[in-house]
Amino acid sequence: MLAGLRQGLADLGSGATAKLLRLGFAARFFVAILLHSGTAFRRFGLTIREIYFAGVLSMVIILVSGLFVGMVLGLQGFETLQRYGSGDALGVLVALSLVRELGPVIAGLLFASRAGSAITAEIGLMKATEQIAAMEMMAVDPIARVVAPRFWAGVISMPLLAALFSALGIFGGYLVGVKLIGVDEGAFWSQMQASVDVRNDILNGVIKSLVFGVAVTWIAVFEGYDAPPTAEGVSGATTRTVVTSSLAILALDFVLTALMFTGGNAK
Amino acid sequence: MATAPIVEIDKVSFGYDPAHPVLHGVSLRIEPGSVVGIMGQSGCGKTTLLRIIAGWLKASAGNTRVLGESVRDLDSDGIYALRRKMGMLFQFGALFTDMTVFDNVAFQMREHTDLPPDLVHDLVMMKLEAVGLRGVAQRMPSELSGGMARRVALARAVALDPRLMLYDEPFTGLDPISLGVIARLIRTLNDSLGQTSIVVSHDVEECFGIVDYVYFVSAGRIVAEGTPDELRRSAEPFVSQFVLGEPDGPIPFHYPAPTYEADLAAPAKNA
């Protein structure tokens, strides 16, 4: 009994130590990326190439999802607003929901699933097939040549994708609200223009998506670089990227929302 | 005056964890211009030895001098500077799968030099010509056979004319023709480019056919050394078991285990 308890405590302690060590390694890895980012900017073509893979190729899922989310917001929002006789405020509801919350958060979740998992799998497989080792053997730093361009590509792509998501969402809300249901077009756009603030709403949304971009891409490159070089190792790392990134986005969103949209900043 | 060895390893020990050492007090010398084989069965520590020479792993004891540098005293910049004088052929080539054959071979030239594109093109074509694969310059690695991929990787490894070439199991998984081609290339590139080569392998005939000297490693120790002819005549039980491919001998057929009777009488755990 006592021996079992002691063993359980020892397992708990070693498990916690291992997690802390990995967290420490992830933090050092983040610093290493920042310190080795010179190549990603000096040879910006490397980063542009990754922006194509992480950002441009994610556009289809981002644009289609944004359109549908906006259309659903239009339907649901109008239904609720109409109960209070405020159907004309549909534009405000759609725009604020998307710009402040749904744009950054859903685009972030989709980005983690589409691009984050691909980054992890690619780096993990490069490690498993000794491509990373070959690069090191050729005296080329893989953090500078492989990791940093992917990291910065993710950080640059994420706010742009969130902006596209919000834009298509607003267009979806317009299609359903104005064209389908018959909300007054002038009221839809003018109320939106009057109520959406560039600094408090749009800039805060951009900051959110930038933070999500850093978090998702950091997790993705770290999981790929730290993946055991086996089929199960890469598959586990890819899964962890999606799960950890998604949880990180939701947790960070709560913290950022609390900081940005409550207290003195509340509109 | 005797020339300084390209690689000098003196009483090197290493273990991933102190309780299970992989190498115990290994010493060897590799002379300039030679092709040296490090042989032994899988898991004996020969690849670990190669990684210590490449500065990938730090020996826990002993000294390693490579191309005149003490590897354990080098920082990461020093290790990278040393590696620019080395080339390594990986077991399965390790070509960059997102680049063409041409870009793979040009990789180091573009990363480490400011050569104009015309010159890079000519140098890449010369390297590909040396391995007989100029005709696949624009193909992707996924379009190559295993033997061709290994030859492209060899062209990439010698792209900047390294002084020391490391070959990690270069013959594994190749058909007899590709195997003969790779073996011949290792020898001819070594001699024509004035390199020194270390070939880690467990393929006896192919390795004996191209090397000048062989070190046999077993359980992390050098158990025999000599020229291929000397080793073929060796009465050392490990060497004759390995060279003749006998299933039992100093390297037992059975992995250490409880007695057969004890295992059969034990209650089933995983059935």
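How many helices and strands does chain A have? Chain A has ten helices and zero strands. The legends below describe a predicted model.

**Figure 1. Chain A, a chain of helices without strands.** Along the sequence, the elements of chain A follow the pattern α-α-α-α-α-α-α-α-α-α. The C-alpha trace of chain A spans about 65 × 60 × 35 Å along its principal axes. Chain A has 267 residues, and 45% of them count as buried. Among the contacts in chain A with a separation of 6 or more, 87% are between residues 24 or more positions apart.

**Figure 2. Helix α5 of chain A and its bend.** Helix α5(A) covers residues 90–128 and bends by about 55° at A:L98. Of its 39 residues, 31 are buried, so α5(A) is largely enclosed by the rest of the structure. Just after this helix, A:E130 has a positive phi of about 65°.

**Figure 3. The open sheet of chain B.** Four strands of chain B make up this sheet, in the order β2-β1-β4-β5, with antiparallel pairing. Strands β2 (23–30) and β5 (69–70) of chain B stand at the edges; each has a single partner strand, so one side of each is left without a neighbour in the sheet.

**Figure 4. The pairing of β4 and β5 in chain B.** Strand β4(B), residues 61–66, pairs with β5(B) in the antiparallel sense, and two bridges join them. B:R65 has B:S70, in β5(B), as its bridge partner.

**Figure 5. Helix α1 of chain B across the sheet strands.** Helix α1(B) comprises residues 46–53 and lies across β1 (7–14), β2 and β4 of chain B. The helix runs at about 120° to β1(B).

**Figure 6. The contact between chains A and B.** Nine residues of chain A and eleven residues of chain B take part in the contact. On the side of chain A that touches chain B, six residues are nonpolar, two are polar and one is charged.

**Figure 7. B:E143 in a loop of chain B.** Which helices of chain B does the loop with B:E143 lie between? This loop lies between α4 (117–130) and α5 (146–157) of chain B. Is B:E143 buried or exposed? B:E143 has 12 other C-beta atoms within 10 Å, and a residue with 12 or fewer counts as exposed, so B:E143 is exposed. B:E143 and B:T227 are 84 residues apart along the chain, and their C-alpha atoms are separated by 39 Å.

Key: Residues are numbered from 1 along each chain as its sequence is written. Chains are lettered from A and ligands numbered from 1 in the order in which they are written. This is a predicted model: local features need pLDDT of at least 70, side-chain atom pairs count only at pLDDT 80 or more; totals for chains, interfaces and linings use all residues. Two strands pair if DSSP finds at least two bridges between them. Two residues are in contact if their C-beta atoms, placed from the backbone, lie within 7 Å. Axes are lines fitted to C-alpha atoms, for helices over the stretch in contact, and angles run from 0 to 180 degrees between N-to-C directions. A residue is buried if 20 or more other C-beta atoms lie within 10 Å of its own, exposed if 12 or fewer, and partly exposed in between; C-beta atoms are placed from the backbone. The bend at a residue is the angle between axes fitted to the seven residues ending there and the seven starting there. Ala, Val, Leu, Ile, Met, Phe, Trp, Tyr, Cys and Pro count as nonpolar, Asp, Glu, Lys and Arg as charged, and the others, Gly among them, as polar.
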